[in-house]
Amino acid sequence: MSKHLIVGAGPVGSAAARLLADRGEEVVVVTRTGAAAGPLDGVRRLHLDAADTAALTAAAEGATALYNCANPPYHRWAEVWPPLAASLLTAAERTGAVLATVSNLYGYGAVDGPMGPDSPLRPNSVKGGVRAAMWREALAAHRDGRVRATEVRGSDYLGPGVTAALDGRAFGRALAGRTVQVLGDPDAPHSWTSPADAARLLVTAAAEERAWGRAWHVPSNPPRSQRQVVADLCAAAGRPAPKVTAIPGPVLALLGLVNPTVRAVRETAYQFERPFVIDDTATREAFGLEPRPWERILAELLL
C-alpha cells in the first residue's frame, strides 16, 4: 500500500481520492479547512495551509505522489498561486514524491485550432500566464533532476458539484424552461471535460514513469456548443430546450464592477467567443483512456 497526498478537495481532488482509496491505497487529503467535497470513506483529512512549505513537506514524507488539485479563488490566482505552487514543488523535491498537477488550457492563449499538449504556451491573460509559469518552473526542475513532475490539462469541467461556465445554476434554469444566458457565442464549438476523467488521468500519470516530464490532455468528448449542451441535458430529462442567449457585454462589464469573480472571468471570455477544442490524441494512444460517455455525464448532471 502506497501513500498519496492530495492537495485540494474539489471535484478532481475528491474523485482522485476516491479512486485511490478504492484501490486500497493510503490517501491523505489536505485542505485549509480539513473538509472535503462529499463522502470520502477510507481517506484521512488533514487541515493545513499547503503554502506552508515546512508543514506540507512533513505531510508528504513517505508519499509516492503529491497531487496538486488546489483551486484558489478565481480572482486571486496571481496572488495565491505562485507561493502555493512553489511550496508544492519544494515539498516534492524534498520528499521525492512525484508531483502531479491538475491544470487547464489557459496557457495556450487564444488559438486558431485544436490544442494539443505540445502546442506552444502563449498566454494572453494574467491567469494563463500564472498557469504557464507554474508548468515551466516544474518542468525546469524535472529536467534538472530535482523532481519528477507531470501535468494533466482539461477544458471547462462539466459534472455534478462543478462551478463553471455551465453549472447547476444554468441547468436549473434550463430544466425549468427559463432562458439561459451564457458567456460568449452560444454556438461556438467547445470542449468539456469530466472531473472524473481528469482524476483518472492524474492518477495514471503520477504512476507512469513515461508520463513524467510532460503534459497530458484529459480525454474529452467531441466538442459541443453551450446551446447544444443545454439542449442535450433537456432532452435527457425529457424537457424542451429553452432559449439560450449571450450575456450582453455591457451587462458583463457592469457585473464585473461589483463582483470580482465576474471581473476575473472577463479576461478569459475569449475561450467562448470562438472554437475552443482540446486534442487528447496523445493521451488516448499512450494510456488507452477514453472519456466518460456523454450520455453518462448528462445522467449524472440530472441526479
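1. Let's begin with a term: a patch here is made of residues with over 30% relative accessible area and no salt bridge, and nonpolar side chains are joined into one when they lie within 5 Å. Please keep in mind that this is a predicted model. With that in hand, have a look at L254, L257 and V258, which make a nonpolar surface patch of about 370 Å². L257 sits in helix α8, residues 249-258. Its relative accessible area is 64%, so L257 is exposed.

2. Now to the inside. Is strand β6 enclosed or open? All five count as buried: 5 of the 5 residues of β6 (residues 149-153), so the strand is largely enclosed by the rest of the structure. The cover is on both faces, with A149, E151 and R153 buried on one side and T150 and V152 buried on the other. Note that E151 and R153 are among these buried residues.

3. Which strands pair with β6? On one hand there is β5 (residues 98-103), which runs parallel to β6 and is joined to it by 5 bridges. If you follow the chain from β5 through helix α4 (residues 126-143) to β6, you trace a right-handed β-α-β unit.

4. Helix α4 comes up again through one of its lysines. K127 forms a salt bridge with E267, and the closest N and O atoms are 2.7 Å apart. This pair links distant parts of the chain, as K127 is in helix α4 while E267 is in the loop between α9 (260-266) and α10 (281-287), 140 residues apart. How accessible are the two partners? K127 is buried, with a relative accessible area of 4%, whereas E267 is partly exposed at 27%.

5. As a reminder, side chains of opposite charge can pair when their charged atoms come close. Another example is R200 with D197, where the closest N and O atoms are 3.0 Å apart. Why are R200 and D197 about one helical turn from each other? Both belong to helix α6 (residues 195-207), and they are separated by about one turn because they are 3 residues apart. An α-helix has 3.6 residues a turn, so residues three or four places apart point the same way. R200 is partly exposed, with 27% relative accessibility, while D197 is buried at 2%.

6. R76 and E79 meet in a salt bridge of 2.8 Å, N to O, and R76 is partly exposed with a relative accessible area of 33%. Then there is a network of salt bridges that links E93, D144 and R146.

7. Helix α7 (residues 226-236) deserves a point of its own. Which of its residues are buried? They are Q226, V229, V230, D232, L233 and C234. What do these buried residues pack against? Their partners are the helices α5 (168-175) and α11 (294-301) and the strands β8 (180-182), β9 (192-193) and β11 (244-246). After α7 comes G238, which has a positive phi, near 70°.

8. Let's zoom in on Q226, which lies in helix α7. With a relative accessible area of 1%, Q226 is buried. Leaving aside residues up to four places away in sequence, Q226 touches L166, V182, L183, D185, P186, A188, W192 and F272.

9. One of those contacts, L166, is worth a visit too. L166 is found in the loop between β7 (156-157) and α5, and L166 is buried, with a relative accessible area of 1%. Again leaving aside residues up to four places away in sequence, L166 touches Y157, L158, F171, V182, W192, Q226, V229 and V230. Among these, V230 is 64 residues from L166 in sequence, and the two are 8.6 Å apart in space, C-alpha to C-alpha. V229 and V230, like Q226, are among the buried residues of α7.

Technical notes
Residues numbered from 1 in each chain as written. Predicted model: local features only at pLDDT ≥ 70, side-chain atom pairs only at ≥ 80, totals over all residues. Heavy atoms only, no water. Patch = residues over 30% accessible without salt bridge, like charges linked within 9 Å, V, L, I, M, F, W, Y side chains within 5 Å. Areas by Shrake-Rupley, 256 points an atom, 1.4 Å probe, with all protein chains shown as cover. Salt bridge = Lys/Arg side-chain N within 4 Å of Asp/Glu carboxyl O. Helix = DSSP H or I, 4+ residues; strand = E, 2+ residues; numbered from the N terminus. Buried < 20%, exposed > 50% of the residue type's maximum accessible area, 1.4 Å probe, protein only. Pairing = 2+ DSSP bridges. Right-handed = clockwise from strand over helix to strand, strands pointing away. Contact = heavy atoms within 4.5 Å.
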